[in-house]
Amino acid sequence: MSEIALIVLAAGKGTRMKSALPKVMHRAAGRSLLGHVLAASAVVKPHAAVVVTGPDMEEVERETKHSFPSAQFTVQKDRNGTAHAVQTARGALGDFKGTIIVVYGDVPLIRPETIALMTGSVTADQPMAILGFRAIDPKGYGRLIQRPDGKILAIREELDATPEERKINLCNSGVISISSDILWPLLAKIRNDNAKGEYYLTDLVELAAAAGHGVALAECPESEVMGVNTRAQLAEVERLLQDGYRKTAMDGGATLIAPETVFFSADTTIGTDVVIEPNVYFGPGVSIGDNVSIMAFSHIEGARIGNGAKIGPYARLRPGADIGADAHIGNFVEIKNAKIDQGAKANHLSYIGDARVGAKSNIGAGTITCNYDGFEKHLTDIGAEVFVGSNTALVAPVKVGDGANIGAGSVITRDVPAHALALTRGPLDLREGWAAKYREIKKARKKSKV
Ligand code: UD1
Ligand code: MG
């Protein structure tokens with residue numbers, strides 16, 4: 001098998017999105033559109049991946065480098081057409097020899113299987129393959145022109161097509177894969193004498209056919225190659241992705257009580273015998289172990305949830321939340337950058353940030369880790385089997401030793417040794433009969449006024 005290189009065309013500004021953000025940086029299921037395309041393409045283990053962006057799109061590179069460090073970026077200064085965009089990527093590929101696959105950055109539903117099928121279709125006899133689909137309404141797409149025996153002769157763009165050709169509903173998705181041996185020589189022959197005055201990549205087909213090369217055709221469903229040009233299309237892509245993730249979760253052994261109300265990210269991983277109640281949202285970076293219960297109205301991102309843990313209802317897990325096995329995180333509890341060890345519980349109304357909570361410790365209702373002093377964040381380290389009474393403020397940096405007991409309402413500003421009691425409370429002022437007398441006085445005053 002020959003080596004594979006990937007070119008992603010993403011120079012379009014996406015005017016119809018009405019956004020300061022480049023189109024391919026808009027997100028669906030917690031991942032940029034470009035991220036989806038790169039993730040699907042990763043299946044063929046490309047030797048090189050080049051993303052063609054437009055000018056002033058530095059954020060595309062910055063964002064993408066996080067998840068795909070090996071991707072390269074080239075800038076297409078003038079948007080002279082898809083063939084010109086591919087030409088722009090040539091320098092980054094050096095003298096790469098093998099199969100080159102070209103995909104669009106704004107077509108996020110393309111499946112890994114289709115990418116693999118496309119690269120696998122390039123052979124010595126058919127050094128080029130195109131991906132077609134049957135369009136319900138072919139308007140705007142390039143049409144595939146075939147001989148009666150099915151041989152592909154050309155792709156005709158809508159504006160350049162005859163009325164007869166416009167009736168064809170077999171359309172060009174834009175994905176092509178082609179041997180580097182023929183790509184570069186043919187690309188040099190493409191002219192811009194067409195309705196748009198652009199260099200069309202699609203002209204490769206006619207040039208290849210004329211040179212006697214076979215062109216393979218693969219077909220996919222229309223929904224898979226749907227492009228995103230508007231916010232409404234972005235929402236449609238989100239819907240299709242979520243439908244797929246919900247099904248995958250259920251097929252994998254999770255119960256979703258109301259699947260249509262649960263939102264996953266592209267990278268959410270879920271164990272078996274997980275129950276997810278209605279109205280739960282998973283942002284990027286969540287992994288869920290086995291036998292986990294996630295109760296209604298929880299918001300979870302960047303979190304790891306260990307086997308048997310119970311989360312929610314109304315829990316919020318923020319990035320860096322690491323919830324140990326059998327731990328309980330209850331209603332209106334927010335956890336950020338904190339490790340909650342096995343069997344620990346924070347059941348009501350708490351903020352645990354920049355902290356560790358040791359195994360089997362109990363965090364009482366209303367406990368707050370005061371992790372921020374207005375300038376820096378500090379750590380709260382709570383040992384195992386600690387009892388933290390309700391409404392405790394733990395002023396970080398602070399350490400609470402194993403087995404310690406903190407009385408309700410305390411403000412803890414110093415380290416608490418293991419097995420100690422810590423309590424900050426004014427003495428209780430108790431006056432027998434005071435309230436009854438007070439009421440009498442108040443009532444008498446009110447009467448004398450009327
Ligand atoms: C293109 C195809 C058409 C196909 C359709 C599928 C050509 C000539 N036509 O048409 O056959 O049916 O896609 O959606 O290829 N881009 C650049 N630089 C450029 C021009 C485009 O990077 O100079 C990028 C765009 O950002 C986009 C992709 O290439 O991601 C396609 O460009 P677009 O202008 O949408 O092409 P269409 O006219 O839709
Ligand atoms: Mg388009």
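**A guided reading**

Analyst: Let us begin with strand β7, where 6 of the 7 residues are buried, so the strand is largely enclosed by the rest of the structure. Please bear in mind throughout that this is a predicted model.

User: With which strands does β7 pair, and in which sense, parallel or antiparallel?

Analyst: A general idea first: in a regular strand the side chains alternate between the two faces of the sheet. In this structure, β7 and β10 run antiparallel and are joined by 6 bridges. Within that pairing, phenylalanine 133 stands opposite cysteine 171 of β10. The pairing of β7 with β11 is parallel and extends over 5 bridges. Here leucine 131 has alanine 218 of β11 as its bridge partner.

User: How should I read the burial of a helix, and which residues of α8 are buried?

Analyst: An α-helix has 3.6 residues a turn, so residues three or four places apart point the same way. In α8, which spans residues 203-210, the buried residues are Leu204, Val205, Ala208 and Ala209. They cover an arc of only 130 degrees around the axis and therefore lie on the same side of α8. Those residues pack against β7 (128-134), β9 (152-156), β10 (170-179), α7 (180-187) and β11 (215-219). Just after α8 comes glycine 212, with a positive phi of about 85 degrees.

User: How many residues of α7 are buried, and which are they?

Analyst: Helix α7 is mostly covered, with 6 of its 8 residues buried. The buried residues are Ser180, Ile182, Leu183, Trp184, Leu186 and Leu187.

User: Let us turn to ligand 1. How many residues surround it, and which are the closest?

Analyst: There are 20 residues around ligand 1, and the closest are Gly12, Gln76, Thr82, Glu157 and Asn172. Individual atom pairs give further detail. A polar atom in the side chain of glutamine 76 is 2.6 Å from a nitrogen atom of the ligand. Alanine 11 approaches through its backbone, where an N or O atom lies 3.1 Å from an oxygen atom of ligand 1. For arginine 79, an N or O atom of the side chain is 3.4 Å from an oxygen atom of the ligand. Taken alone, ligand 1 exposes 750 Å², and the protein buries 86% of that.

User: What should I look for in the backbone angles?

Analyst: Most residues other than glycine have a negative phi, and most peptide bonds are trans. Exceptions to both patterns can be examined here. Aspartate 326 has a positive phi, near 60 degrees, and lies in the loop between β23 (321-323) and β24 (328-340). Asparagine 337 also has a positive phi, of about 40 degrees, but its place is in strand β24.

User: Where are the cis peptide bonds you mentioned as exceptions?

Analyst: One joins glycine 312 to proline 313, with omega near 0 degrees. Proline 313 lies in the loop between β21 (310-311) and β22 (316-317). Another joins alanine 396 and proline 397, with omega about 5 degrees. Proline 397 is in the loop between β30 (393-395) and β31 (398-400).

User: Finally, how is threonine 367 placed, buried or exposed?

Analyst: Threonine 367 lies in the loop between β26 (362-363) and β27 (368-370), and is buried, with a relative accessible area of 0%. Its side chain reaches the backbone oxygen of glycine 364 at 2.8 Å. Apart from neighbours within four places in sequence, the contacts of threonine 367 include Leu349, Tyr351, Val388 and Leu394.

Notes:
Residues are numbered from 1 along each chain as its sequence is written. Chains are lettered from A and ligands numbered from 1 in the order in which they are written. This is a predicted model: local features need pLDDT of at least 70, side-chain atom pairs count only at pLDDT 80 or more; totals for chains, interfaces and linings use all residues. Side-chain values use heavy atoms; hydrogens and water are left out. Buried means under 20% relative accessible area, exposed over 50%, partly exposed in between (1.4 Å probe, protein chains only). Helices (H or I, at least four residues) and strands (E, at least two) are DSSP runs, numbered from the N terminus. The arc is that of the directions from the helix axis to the C-beta atoms. Contact means heavy atoms within 4.5 Å. A residue is near a molecule or strand if one of its heavy atoms lies within 4 Å of it. A polar contact is a pair of N or O atoms within 3.5 Å; within protein, one must be able to donate a hydrogen and the other to accept it, and residues adjacent in sequence count only if both atoms are side-chain atoms. Accessible areas come from the Shrake-Rupley method with a 1.4 Å probe; for residues, only the protein chains shown count as cover. Two strands pair if DSSP finds at least two bridges between them.
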